[in-house]
Amino acid sequence: MTANNLRPGERLDELQRNGYVIIQDPKRFCFGMDAVLLSGFAQVKSGERALDLGTGTGIIPILLEAKTNGTHFTGLEIQQESADMAKRSVRLNKLESKIEIVSGDIKDASRIFGASSFHVVTVNPPYMIGNHGLQNNLDAKTIARHEIFCTLEDIMRESTKLLLPKGRFYMVHRPFRLSEIMCVMTKYGIEPKRMRLVYPYIDREPNMVLIEGLRGGKPRMTVEKPLIVYQAQGVYTDEIIEWYGY
(Lines give C-alpha, C1' and ligand atoms only; values in the text may rest on other atoms or scores of the structure.)
Protein backbone atom coordinates (compact mmCIF):
# COMPACT_ATOMS: atom_id res chain seq x y z
CA MET A 1 0.00 0.00 0.00
CA THR A 2 1.28 3.46 -0.90
CA ALA A 3 0.14 7.04 -0.54
CA ASN A 4 -1.77 6.50 -3.80
CA ASN A 5 -4.09 4.17 -1.89
CA LEU A 6 -5.22 6.87 0.53
CA ARG A 7 -8.94 7.54 0.66
CA PRO A 8 -10.41 10.97 -0.12
CA GLY A 9 -9.46 13.52 2.54
CA GLU A 10 -6.69 11.38 4.06
CA ARG A 11 -3.02 12.27 4.27
CA LEU A 12 0.18 10.41 5.11
CA ASP A 13 2.29 11.91 7.92
CA GLU A 14 5.85 10.97 8.86
CA LEU A 15 6.47 10.08 12.52
CA GLN A 16 10.25 10.72 12.65
CA ARG A 17 10.71 7.23 14.14
CA ASN A 18 12.03 4.19 12.27
CA GLY A 19 10.71 5.64 9.01
CA TYR A 20 7.14 5.04 10.22
CA VAL A 21 4.16 6.93 8.83
CA ILE A 22 0.51 7.27 9.84
CA ILE A 23 -2.68 7.80 7.88
CA GLN A 24 -4.83 10.67 9.15
CA ASP A 25 -7.88 12.62 8.09
CA PRO A 26 -7.84 16.28 9.26
CA LYS A 27 -11.64 16.39 9.07
CA ARG A 28 -11.84 13.66 11.70
CA PHE A 29 -9.08 13.93 14.30
CA CYS A 30 -5.30 14.12 14.10
CA PHE A 31 -3.00 13.15 16.94
CA GLY A 32 -1.42 15.89 19.03
CA MET A 33 1.44 16.41 21.42
CA ASP A 34 -0.40 14.58 24.21
CA ALA A 35 -0.11 11.28 22.31
CA VAL A 36 3.60 11.83 21.67
CA LEU A 37 4.25 12.66 25.33
CA LEU A 38 2.29 9.64 26.54
CA SER A 39 4.31 7.36 24.26
CA GLY A 40 7.50 8.82 25.73
CA PHE A 41 6.30 8.57 29.33
CA ALA A 42 4.97 4.99 29.15
CA GLN A 43 7.38 2.12 29.70
CA VAL A 44 6.87 -1.22 27.95
CA LYS A 45 9.60 -3.71 28.71
CA SER A 46 10.92 -6.69 26.79
CA GLY A 47 8.43 -9.54 26.80
CA GLU A 48 5.50 -7.31 27.78
CA ARG A 49 2.16 -6.83 26.04
CA ALA A 50 0.50 -3.40 25.97
CA LEU A 51 -3.04 -2.28 25.22
CA ASP A 52 -4.00 1.24 24.15
CA LEU A 53 -7.62 2.10 24.96
CA GLY A 54 -9.37 4.39 22.47
CA THR A 55 -6.42 4.22 20.11
CA GLY A 56 -7.92 6.41 17.37
CA THR A 57 -5.74 6.02 14.29
CA GLY A 58 -3.23 3.88 16.18
CA ILE A 59 -0.62 6.53 16.92
CA ILE A 60 0.29 5.32 20.43
CA PRO A 61 0.80 1.61 19.58
CA ILE A 62 2.93 2.61 16.58
CA LEU A 63 5.06 5.02 18.61
CA LEU A 64 5.39 2.56 21.49
CA GLU A 65 6.59 -0.12 19.09
CA ALA A 66 9.22 2.33 17.85
CA LYS A 67 10.30 3.60 21.27
CA THR A 68 10.13 0.57 23.57
CA ASN A 69 11.15 -3.08 23.70
CA GLY A 70 7.62 -4.40 24.18
CA THR A 71 6.72 -7.69 22.53
CA HIS A 72 3.21 -6.87 21.29
CA PHE A 73 0.88 -3.88 21.14
CA THR A 74 -2.91 -3.77 20.76
CA GLY A 75 -5.16 -0.81 20.06
CA LEU A 76 -8.89 -0.78 20.85
CA GLU A 77 -11.09 1.71 18.97
CA ILE A 78 -14.87 2.14 18.86
CA GLN A 79 -15.06 4.34 15.74
CA GLN A 80 -14.88 2.05 12.72
CA GLU A 81 -13.43 4.67 10.36
CA SER A 82 -10.57 5.44 12.76
CA ALA A 83 -9.92 1.74 13.39
CA ASP A 84 -9.76 1.18 9.64
CA MET A 85 -7.14 3.93 9.24
CA ALA A 86 -5.16 2.44 12.13
CA LYS A 87 -5.20 -1.02 10.55
CA ARG A 88 -4.01 0.38 7.23
CA SER A 89 -1.21 2.31 8.95
CA VAL A 90 -0.08 -0.89 10.67
CA ARG A 91 0.04 -2.67 7.31
CA LEU A 92 1.79 0.26 5.65
CA ASN A 93 4.54 0.11 8.29
CA LYS A 94 4.73 -3.70 8.02
CA LEU A 95 3.96 -4.10 11.72
CA GLU A 96 1.25 -6.74 11.52
CA SER A 97 3.29 -9.15 13.65
CA LYS A 98 3.74 -6.56 16.42
CA ILE A 99 0.53 -4.49 16.42
CA GLU A 100 -3.13 -5.50 16.33
CA ILE A 101 -6.05 -3.08 16.01
CA VAL A 102 -9.36 -4.28 17.42
CA SER A 103 -12.75 -2.63 16.90
CA GLY A 104 -14.72 -2.42 20.12
CA ASP A 105 -15.98 -0.45 23.10
CA ILE A 106 -13.75 0.42 26.05
CA LYS A 107 -16.63 -0.52 28.36
CA ASP A 108 -16.38 -4.09 27.00
CA ALA A 109 -12.58 -4.29 26.94
CA SER A 110 -12.17 -6.89 29.69
CA ARG A 111 -14.75 -9.10 28.00
CA ILE A 112 -13.09 -8.70 24.61
CA PHE A 113 -9.56 -9.51 25.80
CA GLY A 114 -10.08 -11.36 29.07
CA ALA A 115 -8.91 -10.62 32.59
CA SER A 116 -5.20 -10.07 33.35
CA SER A 117 -4.27 -10.01 29.66
CA PHE A 118 -1.75 -7.14 29.58
CA HIS A 119 1.32 -5.91 31.41
CA VAL A 120 0.62 -2.30 30.37
CA VAL A 121 -2.50 -0.25 29.58
CA THR A 122 -2.23 3.21 28.04
CA VAL A 123 -4.97 5.75 27.38
CA ASN A 124 -5.28 9.27 26.00
CA PRO A 125 -8.94 9.73 26.92
CA PRO A 126 -11.51 12.45 26.21
CA TYR A 127 -10.75 15.31 28.58
CA MET A 128 -14.08 17.13 28.76
CA ILE A 129 -16.78 16.16 31.25
CA GLY A 130 -20.33 15.45 30.12
CA ASN A 131 -21.88 18.17 27.98
CA HIS A 132 -19.31 20.90 28.69
CA GLY A 133 -18.89 22.76 25.41
CA LEU A 134 -20.62 19.91 23.58
CA GLN A 135 -21.96 20.50 20.08
CA ASN A 136 -25.05 18.75 18.74
CA ASN A 137 -23.22 16.77 16.07
CA LEU A 138 -21.37 13.73 17.38
CA ASP A 139 -18.53 13.85 14.88
CA ALA A 140 -15.14 12.20 15.35
CA LYS A 141 -13.54 15.28 16.92
CA THR A 142 -16.37 15.70 19.43
CA ILE A 143 -16.19 12.02 20.40
CA ALA A 144 -12.43 12.26 20.90
CA ARG A 145 -12.73 15.30 23.19
CA HIS A 146 -15.83 14.55 25.28
CA GLU A 147 -16.78 11.67 27.56
CA ILE A 148 -19.52 10.41 25.25
CA PHE A 149 -18.64 6.73 24.85
CA CYS A 150 -16.63 6.27 28.05
CA THR A 151 -15.85 7.96 31.37
CA LEU A 152 -12.91 7.85 33.78
CA GLU A 153 -14.86 5.26 35.77
CA ASP A 154 -15.17 3.04 32.68
CA ILE A 155 -11.47 3.38 31.90
CA MET A 156 -10.29 2.53 35.42
CA ARG A 157 -12.79 -0.29 35.94
CA GLU A 158 -11.73 -2.01 32.74
CA SER A 159 -8.02 -1.28 33.17
CA THR A 160 -7.81 -2.94 36.57
CA LYS A 161 -9.43 -6.04 35.08
CA LEU A 162 -7.21 -6.03 32.00
CA LEU A 163 -3.91 -5.59 33.83
CA LEU A 164 -1.90 -8.41 35.30
CA PRO A 165 -1.14 -8.07 39.03
CA LYS A 166 1.42 -5.24 39.37
CA GLY A 167 0.67 -4.24 35.78
CA ARG A 168 1.20 -0.59 34.87
CA PHE A 169 -1.33 2.02 33.75
CA TYR A 170 -0.33 5.17 31.84
CA MET A 171 -2.54 8.13 31.06
CA VAL A 172 -2.28 11.71 29.79
CA HIS A 173 -4.98 14.08 30.96
CA ARG A 174 -5.69 17.65 32.07
CA PRO A 175 -4.60 18.98 35.49
CA PHE A 176 -8.04 20.43 36.27
CA ARG A 177 -9.30 16.86 36.75
CA LEU A 178 -6.32 15.63 38.77
CA SER A 179 -8.18 15.23 42.06
CA GLU A 180 -10.90 13.18 40.38
CA ILE A 181 -8.31 11.09 38.51
CA MET A 182 -6.49 10.15 41.72
CA CYS A 183 -9.72 9.23 43.49
CA VAL A 184 -10.98 7.02 40.67
CA MET A 185 -7.61 5.32 40.24
CA THR A 186 -7.40 4.33 43.90
CA LYS A 187 -11.08 3.34 43.93
CA TYR A 188 -10.33 0.67 41.34
CA GLY A 189 -7.07 -0.50 42.86
CA ILE A 190 -4.66 1.31 40.55
CA GLU A 191 -2.26 3.18 42.84
CA PRO A 192 -0.75 6.41 41.44
CA LYS A 193 3.03 5.90 41.40
CA ARG A 194 4.52 8.55 39.11
CA MET A 195 3.32 11.93 37.86
CA ARG A 196 4.75 14.64 35.63
CA LEU A 197 3.12 17.98 34.86
CA VAL A 198 3.58 19.49 31.40
CA TYR A 199 3.91 23.26 31.02
CA PRO A 200 3.65 25.09 27.66
CA TYR A 201 6.21 27.65 28.96
CA ILE A 202 8.21 27.81 32.17
CA ASP A 203 6.15 30.75 33.46
CA ARG A 204 2.71 29.35 32.55
CA GLU A 205 0.34 27.00 34.33
CA PRO A 206 0.52 23.30 33.39
CA ASN A 207 -1.91 22.16 30.70
CA MET A 208 -1.24 18.40 30.72
CA VAL A 209 -0.43 15.74 33.29
CA LEU A 210 1.21 12.35 32.72
CA ILE A 211 0.36 9.66 35.27
CA GLU A 212 1.60 6.12 35.92
CA GLY A 213 -0.35 3.76 38.14
CA LEU A 214 0.31 0.26 39.44
CA ARG A 215 -2.40 -2.34 39.85
CA GLY A 216 -2.27 -3.36 43.51
CA GLY A 217 0.60 -1.01 44.29
CA LYS A 218 1.37 0.45 47.71
CA PRO A 219 0.76 4.15 48.37
CA ARG A 220 3.83 6.16 47.40
CA MET A 221 4.06 8.51 44.43
CA THR A 222 7.00 10.23 42.77
CA VAL A 223 6.38 13.69 41.29
CA GLU A 224 8.94 14.21 38.54
CA LYS A 225 10.40 17.53 37.46
CA PRO A 226 8.21 19.69 35.21
CA LEU A 227 8.29 19.07 31.47
CA ILE A 228 8.52 22.38 29.59
CA VAL A 229 7.36 22.35 25.96
CA TYR A 230 8.60 25.66 24.54
CA GLN A 231 11.73 27.64 25.40
CA ALA A 232 10.50 30.51 23.18
CA GLN A 233 7.58 31.13 20.82
CA GLY A 234 7.56 28.21 18.37
CA VAL A 235 10.86 26.80 19.67
CA TYR A 236 10.74 23.41 21.43
CA THR A 237 12.93 22.64 24.42
CA ASP A 238 15.66 20.04 23.91
CA GLU A 239 13.70 17.46 25.88
CA ILE A 240 10.61 17.84 23.69
CA ILE A 241 12.77 17.55 20.57
CA GLU A 242 14.18 14.30 21.97
CA TRP A 243 10.70 12.96 22.73
CA TYR A 244 9.53 13.73 19.21
CA GLY A 245 12.65 12.16 17.72
CA TYR A 246 13.60 15.06 15.47
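Student: Which residues are linked with R7 in a network of salt bridges?

Tutor: R7, E10, D84 and R88 are linked in that network, where a salt bridge is a side-chain nitrogen of Lys or Arg within 4 Å of a carboxyl oxygen of Asp or Glu. This is a predicted model, in which local features need pLDDT of at least 70 and side-chain atom pairs count only at pLDDT 80 or more, while totals for chains, interfaces and linings use all residues. Residues are numbered from 1 along each chain as its sequence is written, and side-chain values use heavy atoms, with hydrogens and water left out.

Student: Okay, and how far apart do D84 and R7 come, N to O?

Tutor: Their side chains meet in a salt bridge at 2.4 Å, N to O. The pair links distant parts of the chain, since D84 is in helix α3 and R7 is in the segment before β1, 77 residues apart; helices (H or I, at least four residues) and strands (E, at least two) are DSSP runs, numbered from the N terminus.

Student: What about helix α3 itself, how many residues does it have?

Tutor: Helix α3 covers residues 80-92, which makes 13 residues, and it reaches 18 Å from its first C-alpha to its last, close to the 18 Å expected at 1.5 Å a residue. That expected span is 1.5 Å times one less than the number of residues.

Student: Which of its residues are buried, and what do they pack against?

Tutor: S82, A83, M85, A86, R88, S89, V90 and L92 are buried in α3. The buried residues of the helix pack against β1 (11-14), β2 (21-24), α2 (59-67), β4 (72-77) and β5 (99-103), with contact meaning heavy atoms within 4.5 Å. Just after the helix, K94 takes a positive phi of about 60°.

Student: Switching topic, how many salt bridges does the structure hold?

Tutor: The structure holds 18 salt bridges, and one of them joins E212 to R194, with the closest N and O atoms 2.6 Å apart. E212 lies in strand β9 (residues 208-215) and R194 in strand β8 (residues 190-199), so the pair ties together parts that are 18 residues apart in sequence.

Student: Are those two buried or exposed?

Tutor: E212 is buried, with a relative accessible area of 10%, and R194 counts as buried at 12%. R194 also lies over the face of F41, at 3.8 Å from the ring centre; a charge sits over a ring if NZ of Lys or CZ of Arg is within 6 Å of the ring centre and within 35 degrees of the ring normal.

Student: And how many aromatic pairs are there?

Tutor: The count comes to five aromatic pairs, where rings of Phe, Tyr and Trp (its six-membered ring) pair if their centres lie within 6.5 Å, and planes under 30 degrees apart count as stacked, over 60 as edge-to-face and the rest as tilted. The rings of Y230 and Y236 have centres 5.2 Å apart and planes at 20°, so this pair is stacked. Y236 and Y244 have ring centres 5.6 Å apart and planes at 15°, so that pair is stacked too.

Student: Which residues form the aromatic cluster?

Tutor: Y201, Y230, Y236 and Y244 form one aromatic cluster. Within it, Y244 counts as buried at 13% relative accessibility, whereas Y236 counts as partly exposed at 22%.

Technical notes:
Buried means under 20% relative accessible area, exposed over 50%, partly exposed in between (1.4 Å probe, protein chains only).
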